[in-house]
Amino acid sequence: MSDVVLKVDKLSRYFRVGGFRSAGTLHAADEVSFEVAPSEIVALVGESGSGKSTIARVLAGLYPPTSGQITFEGRVQGKRASRQVRGQMPMVFQDPFGSINPVLRVGHSLQRSLKLHRPELDKAGRQVEAVSLVERVGLLPGAEVLHRFPHELSGGQRQRLGFAQALASRPSLILADEPVSMLDVSIRIGLLNVMRALRDEEHVSLLYITHDLSSARYVADRMIVLYAGRIVEEGTTDEVIADPSHPYTRLLMATAPDPRLPLAHDTDVVDLGEPPKVINPGPGCRFAPRCPLAMEQCRSSTPTMVQLSLTKRVACFAVEQR
Amino acid sequence: MSTPILEVRNLKVQYATPAGPAQAVSDVSFDLAPGEFLAVVGESGCGKSTMLFSIAQLLNYPAETVSGSVKFDGIDLTSLSAEDLRQHRWRDISVVMQSAMNALNPTLSIAAQLADVCRAHTDWRDDKIDRRSAEVLEMVSIDVAHLKSFPFQLSGGMRQRAMIAMALLLEPKLIIMDEPTSALDVVAQRSLMRQVENLRQSLGFAVLFVTHDMSVVSHFSDRLAVMYAGEIVELGATREVFDHSRHPYSNGLMDAFPSIVGDKKELTGIAGNPPSLVNPPGGCLFAPRCHFATDECREYRPELISVEGHAVRCHLVNSRVRS
């Protein structure tokens, strides 16, 4: 896989928290490395507080990274993403009600993206392009949709519009930050199908950020599981789902609500715990306090990623021992 | 089945809108047995939360319960005055709202908020209140030290569990829950559902649980009601509805979420949007989106017909049953 759209190398992002005397450093993302290939959907899976949104925001240039290197289409990125890069790596946000300007017609917002990112188009060209954009994400009839105001669209339609907006700059990668988590279950599948179509027909790569394993399985080619700012497991989606190695991935699998799955009685524990806030962390695996397999070593040193197969890697001492 | 704790009959709720009254809930009837867990699922706008609020007598203008009765333990709640209702709230029926962050008072400690409920509805003395507060927090596995905590110091899952602790204070017979898990991560969701299930088994209260994500309740509820456009379209034992759903809408819902087991298959969801509730279509409300709709479906509204405890509102299913 020499062909890589995005390469993230030891990316960290820390935040200063607390007041003057109790100041600490929150490690939202710690030495995260991964790659995204062309026309590939990579799912970044984790609970809230795992750092998945922070990574997306750093990639989108909303925050500068604390350390680490981002290489996008072969070029190393500076501290702040340029407009061109932002156009090439646009973001679709979680909240379809907060991410669209409510006083402008749908067409207006789209035209602006086109004006900024597609200077070669003239007015008529932009109009044609705008219609084609909304139709490509399944908003029909395009010409009519462009005349509507955001409040005339449902949540699912707005998220589709978010993807149309992202497509306007002909990106090679779209950052999708929980694009379906605020939608009804019955509407989610339509959006997931849009994401697949973008990959298969427009050859766009997507970084799909989610806490929902089953939707990640449905759309993603590869899966990266994050816990408390670190990658704990990575592999092709089928591999990770069929045989989760890291105890945290197994916990996620066991708790995924799926009516087709028999109820796992070994998860009878009522309090399954929560991911920690990683402030001034010491060494050790961050999952150790919740981990059924935790050993002495897990508390004293930090596990690194070990290659389990050609495509699968995991960071866990217990797995390493086996 | 023993005498139901809750009997809802022909409940009808309208919202006053500039375009005329919108039928948010039409003709909903069901029974809930003591200690039973009934889940209600449906898309947003299907009237499931409105129905809950109507049952708990919490509706405000522009919503109005137009007709129907809600009998709790033999008493018709719709006919009670505000003061009489107050006697039942928290003691007999408590409600857990969707967003615990907004339902808890951010400026008061958990202990103060628990005590508030006790003072309003009992004549307990302070030491009893303290004891009971500690007890209910323990029931939901929150450390008693958190009595002094403020809501912002608790995580989302803990806040939601604190709400459930509050609902348990006066040992109600019925707890009404409006999407308590929707703001939580999967792991916290599962913990919460476990907790509710364990408490229900040990304390014996009935649960009426509304959610848009039927996979959340699939392993926990006794019965499942599917709502569409203000009507119950299917009602039956949870496993029965999941494994042998009959209404085309329920079938569509089942096919709308991907699974983490089994073969990967193409999913399509349900095309189209729910109907306008101000001018609903004449026949079956689902007919415009239904692949199997016939002229009969477009003409006549189907009834909810129950066969062996599995009720379905669909001409096709019911004609198959008749023949």
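**Notes on chains A and B**

1. Let's start with burial: 47% of the 323 residues in chain B are buried, meaning that 20 or more other C-beta atoms, placed from the backbone, lie within 10 Å of the residue's own. Keep in mind that this is a predicted model, where local features need pLDDT of at least 70 and side-chain atom pairs count only at pLDDT 80 or more, while totals for chains, interfaces and linings use all residues. Residues are numbered from 1 along each chain as its sequence is written, and chains are lettered from A in the order in which they are written.

2. Chain B has 12 helices and 12 strands (DSSP runs: H or I of at least four residues for helices, E of at least two for strands). Its radius of gyration, taken over C-alpha atoms, is 21 Å, close to the 20 Å from the globule rule for 323 residues, so chain B is as compact as a globular protein of that length. That rule is 2.2 Å times the number of residues to the power 0.38.

3. On to chain A, which splits into domain 1 (6-90 + 171-283) and domain 2 (103-170); the bounds come from an automatic or database domain assignment. Where they touch, 15 residues of domain 1 of chain A and 13 residues of domain 2 of chain A take part, with contact meaning C-beta atoms within 7 Å.

4. Which elements give two or more residues to the side of domain 1 of chain A that touches domain 2 of chain A? They are α2 (83-88) and α7 (185-202) of chain A, and α7(A) gives the largest share, six residues.

Definitions and conventions:
A residue is buried if 20 or more other C-beta atoms lie within 10 Å of its own, exposed if 12 or fewer, and partly exposed in between; C-beta atoms are placed from the backbone. Two residues are in contact if their C-beta atoms, placed from the backbone, lie within 7 Å.
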